[in-house]
Amino acid sequence: MTQSQHPNATAVSFTLNGVTVTAQADESILQVAQRQGIEIPHLCYTETLRADGNCRACVVEIEGERILAPSCCRYPSEGMSVTSHSKRAMTAQKMVLELLQSDAPKTNQLTPHSELKHWCEKLAVTECRFPERQQPAKDCSHPAITTSLDACIQCGRCLRACREEQANDVIGFAGRGSEVQIIFDMADPMGLSSCVACGECVQACPTGAIMPAGDVGNQLADKQVHSVCPYCGVGCQLTYHVKDNSILFVEGRNGPANHNRLCVKGRYGFDYVTHRQRLTKPLIRRSDAPKHIEMDMDYNNPLRDFREASWEEALEFATKGLKKIHKKQGPNGLAGFGSAKGSNEEAYLFQKLIRTAFNTNNVDHCTRLCHASSVAALLQMIGSGAVSNPVADVADAEVIVLIGSNPTSNHPVAATFFKNAARDGKTLIVMDPRKTDIARYADHVLQFNPDTDVAMLNAIMHAIIQLDLVDHNFIEQRTEGYTTLKKHLQDYTPERMAPICGIPAETLYEVARIYASAKGSMIFWGMGVSQHIHGTDNARCLINLALITGQIGRPGCGLHPLRGQNNVQGASDVGLIPMVYPDYQRVDNAEIRKKFEALWQTTLDPNPGLTVVEIMHAIHDGNIQGMYIMGENPAMSDPNLNHARTALASLKHLVVQDIFMTETAHYADVILPASAFPEKTGTFTNTDRRVQMGRQAIDSPGEARQDLDILLAMAKGLGLQWNYTGPRDVFNEMRQVMPSIAGITWERLEAESAVTYPCSHEGDSGESVIFQEQFPRAGGKAALIPAAFSHADELPDDDYPYILITGRQLEHWHTGAMTRRASVLNSLEPEAVAMVHPDLLEQIGLHAGESIRIRSRRGEVVTGTRSDRGLNPGQIFLPFCYYEAAANMLTNDALDPDGKIPEFKFCAIKIEQA
Ligand SMILES: Nc1nc2c(c(=O)[nH]1)N[C@H]1C(S)=C(S)[C@@H](COP(=O)(O)OP(=O)(O)OC[C@H]3O[C@@H](n4cnc5c(=O)[nH]c(N)nc54)[C@H](O)[C@@H]3O)O[C@H]1N2
Ligand SMILES: Nc1nc2c(c(=O)[nH]1)N[C@H]1C(S)=C(S)[C@@H](COP(=O)(O)OP(=O)(O)OC[C@H]3O[C@@H](n4cnc5c(=O)[nH]c(N)nc54)[C@H](O)[C@@H]3O)O[C@H]1N2
Ligand SMILES: [Mo]
């Protein structure tokens, strides 16, 4: 290979079409030409993928060289003379296009976006002198993606997207010469292949050979709106292609968290927004309608129990009912659940409304069910509940530990970066009782016993101390409490913990050595860690581990609790939490309270409020009688649903603000039809602490109103004097009380794709890696807090011999409110299903697919089954998105004492054929 076939490490100067130009480091000839505005046709090259140089449409002539060179993967050398427009180069370029065009479908051009068509037109390639080959038939077996390989030019962009970007390895090449063809798995129909429908291949395809199903690819959008994904906390940036107030399709944008990538939900999960069951008019409960959910054909027919009302009447009814309870019961007779699906501005106003109109701190949201325990441990030990390093830092890490997290399903785009890192030689260690997909990419898989995190992690720390792999300097300078921790860990020898956690002592020693001695080790964790009655202790162990080894405070290491909802980080930051105001400022600190009283011109409740599950208990006790719930579905997402639903049913007054007739809305007295994500503008904070702008792309249906407008109207009805004219005003107020975002301006968010906090002064770049010098605690040091091993609240016994683990699936979102109404997602996973080990299925005489009855001490469900060898035979995994088999009928509402998070990840069950 000559030097010019390698990227240049520094800038070089050369002539391009007679003009002297400079190529920056790493720039190919094609990239320089593009920068100079010189058009060279190219098909197999696209910015986001590795250049492959296979289509030869981009060939250029290099002085002194016999053969034309593909400019996409050729790098200029000093003094080189390159011509892209010479007769010889252009003849070759046109010939390539003509050959490719000869195979392209003639009558039905597949897509107006075809890059082949574009370049043929540009270079005036009109006739085709070559015979057509026999063409493969269309494959319509997948609900989201159609392949019409007659338009395929074998450029391999889909293959690189599938294999190298998303690391899904579904697409390959088969055949030789003119028979060469793209295939899925072993030439399976796409719909039957292992494709996870991320659609990266569709986005990469230059000709429409792989297209969105239906005819959307043939339609031209009237506008493109840059926004963010409404699903998970990764915060992928995307573009809505909109025509006639409806979203045609979605494409990934080059955001810092996704680099153009999306997953199946972000790309194909948007049509819930136009589902026929969208709420379009305010509804008031009929006086004779009982408060219950009936699972029958009328499910979701609101008009059986409700009547339509005008906005005026509905708002009056909503606020009057709340005011009545306030008067009779006092402030603490009321409570509110806000939303982590809405914007920062909505969440801020929601907590402000509850605190200033209801005068109570009884305001919480799904963070309580999610990372509340992680946040409790983080705040206690390092003084800040957010992540220390962004996901993207895996590129700088040597070791990546993933514990209690199933990212290919739940943070799929982050998972692509984990998989890329593993491919690039980083050590991936996966710890989970269930062997999930990401385990295939791992160097070490610790499939340990559920509920034994503390035992396993303490043993790993014991080993680190025993092998003297602790970071003595870091411990000395930046932490306190090491002596106590060290003493506490003495008993947790790997040998003694091995039978408890089920991982051999040698493995624990090895993992200890790898984690502690790497230049940079990062820990990512999910709900498997947090959703236990000892979730805070689980998280404490992870924090101890990072601290004693000094694996925090630099790029490529640190602690990252992967945030779940698209705005759970933001909703927590702006104070949708009962103990804190915005920016985690304690409500029981008199000085802080005074500051907020001055700003909000009111008197505030000095006592921390109740949390989600505590609120359900307080309703049962008759203490709370009225609630305002916006964008949450506790009648599905809370533990022990029989208890939670009877609580909701016994409320005297329940106001629900949602986009669908959810299970929770069935218990409402009044329902306010709100705006879905693409129907409004606001800011959202992702798992990396990046604030990003979501922009309105379409209008809401019928009389549905924007959430912010509804909040303003509710505030007015409750007697508050608010003068916000839109989200920008709210954001500006937030900046005044939140030092973390004080330096971020609305204008900057509009102009830049994302700004990371802490960003305290205008113009600050924003810190993606924190704790570099000190921890935000008094004295600046982190506290090491020992955690003792303890068991789940309810262990299996003779009556209930199996363990139930609940969680998620790729295609569905939580309670299914959105995704079961998204056509592609629902057709990919249409029915309730439990994952069961094949041996256990056999033991109860079932074949996979048949129905099972699962009972716990609190309820029962009947669901379909799927065989899953990733589980142990004593455990069943049940997603909680199916209303007809609601997992939370079974779960235990026992709480972690610090985080107040319920034990979603562990309860005892029995099973039988249904
Ligand atoms: N497709 C999809 N994606 C989502 C969501 C969704 O509903 N659907 N929800 C979003 C939200 S809000 C969240 S919080 C995240 C959650 O994302 P994850 O944390 O990945 O979610 P889960 O599937 O609940 O559980 C993760 C893992 O915990 C493991 N686990 C079970 N018991 C234990 C244990 O005792 N110890 C340990 N260490 N692990 C255990 C399970 O086997 C499972 O693999 O996902 C977000 N992304
Ligand atoms: N068994 C079990 N239960 C769990 C968990 C588990 O692992 N196992 N995980 C827990 C976790 S981590 C979480 S985060 C919770 C999630 O629990 P929830 O937050 O209750 O679940 P979602 O289904 O996301 O509810 C969001 C609601 O907002 C509505 N919505 C969507 N967009 C908008 C909007 O723009 N405006 C308005 N007004 N409404 C909107 C949707 O229709 C839906 O009703 O579930 C918890 N429950
Ligand atoms: Mo969550």
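## Basis of the model

Residues are numbered from 1 along each chain as its sequence is written, while chains are lettered from A and ligands numbered from 1 in the order in which they are written. Because the model is predicted, local features need pLDDT of at least 70, side-chain atom pairs count only at pLDDT 80 or more, and totals for chains, interfaces and linings use all residues; side-chain values use heavy atoms, with hydrogens and water left out.

## Domains

The domain assignment gives domain 1 (12–85), domain 2 (283–363 + 568–756), domain 3 (388–561) and domain 4 (802–913). Such bounds come from an automatic or database domain assignment. The centres of domain 1 and domain 4, taken over C-alpha atoms, are 55 Å apart.

## Salt bridges

The whole structure holds 40 salt bridges. A salt bridge here is a side-chain nitrogen of Lys or Arg within 4 Å of a carboxyl oxygen of Asp or Glu.

Asp52 pairs with Arg50, with 3.1 Å between the closest N and O atoms. Asp52 is partly exposed at 33% relative accessibility. Arg50 is partly exposed too, at 42%. The terms have cut-offs: buried means under 20% relative accessible area, exposed over 50%, and partly exposed in between (1.4 Å probe, protein chains only).

Glu346 bridges to Lys680, the closest N and O atoms being 3.2 Å apart. This pair links distant parts of the chain, 334 residues apart. Glu346 sits in helix H8 (residues 344–357), and Lys680 in the loop between strand S27 (670–673) and strand S28 (682–685). Helices (H or I, at least four residues) and strands (E, at least two) are DSSP runs, numbered from the N terminus. Both Glu346 and Lys680 are buried.

Glu912 meets Arg853 with 3.3 Å between the closest N and O atoms. Glu912 is in strand S39 (residues 907–913) and Arg853 in strand S34 (residues 852–855), so the bridge ties together parts 59 residues apart in sequence. Glu912 is partly exposed at 33%, and Arg853 is partly exposed at 23%. Elsewhere, shared partners join Glu794, Asp797, Arg857 and Arg858 into one salt-bridge network.

## Ligand 1

Ligand 1 has 33 residues around it, and Asp432, Asp453, Met527, Arg808 and His812 come nearest. A residue counts as near if one of its heavy atoms lies within 4 Å of the molecule or strand. By class, the shell has ten nonpolar, 16 polar and seven charged residues. Here Ala, Val, Leu, Ile, Met, Phe, Trp, Tyr, Cys and Pro count as nonpolar, Asp, Glu, Lys and Arg as charged, and the others, Gly among them, as polar. Domain 3 (388–561) and domain 4 (802–913) each give at least three residues to this shell.

Several polar atoms approach the ligand. A backbone N or O atom of Leu810 lies 3.0 Å from a ligand 1 nitrogen. A polar backbone atom of His814 is 2.7 Å from an oxygen of ligand 1. A polar side-chain atom of Lys905 lies 2.8 Å from an oxygen of ligand 1. Alone, ligand 1 exposes 920 Å², and the protein buries 99% of that. Areas come from the Shrake-Rupley method with a 1.4 Å probe; for residues, only the protein chains shown count as cover. Helix H10 (407–410), helix H17 (527–530) and strand S32 (802–807) are the elements that give two or more residues to the shell.

## Ligand 2

Ligand 2 is surrounded by 33 residues, and the closest are Asp658, Lys680, Asp707, Thr815 and Asn888. The shell divides into 13 nonpolar, 13 polar and seven charged residues. Domain 2 (283–363 + 568–756) and domain 4 (802–913) both contribute residues, so ligand 2 lies between them.

A backbone N or O atom of Ser675 is 2.9 Å from an oxygen of ligand 2. A polar side-chain atom of Arg808 is 3.0 Å from a nitrogen of ligand 2. The protein covers 99% of the 920 Å² of accessible area that ligand 2 has on its own.

## Two buried residues

Asp688 is in the loop between S28 and strand S29 (690–694). Asp688 is buried, with a relative accessible area of 3%. Its side chain makes a polar contact with the side chain of Arg690 at 2.8 Å. A polar contact is a pair of N or O atoms within 3.5 Å; within protein, one must be able to donate a hydrogen and the other to accept it, and residues adjacent in sequence count only if both atoms are side-chain atoms.

Trp311 is in helix H7 (residues 311–329). Trp311 is buried at 10% relative accessible area.
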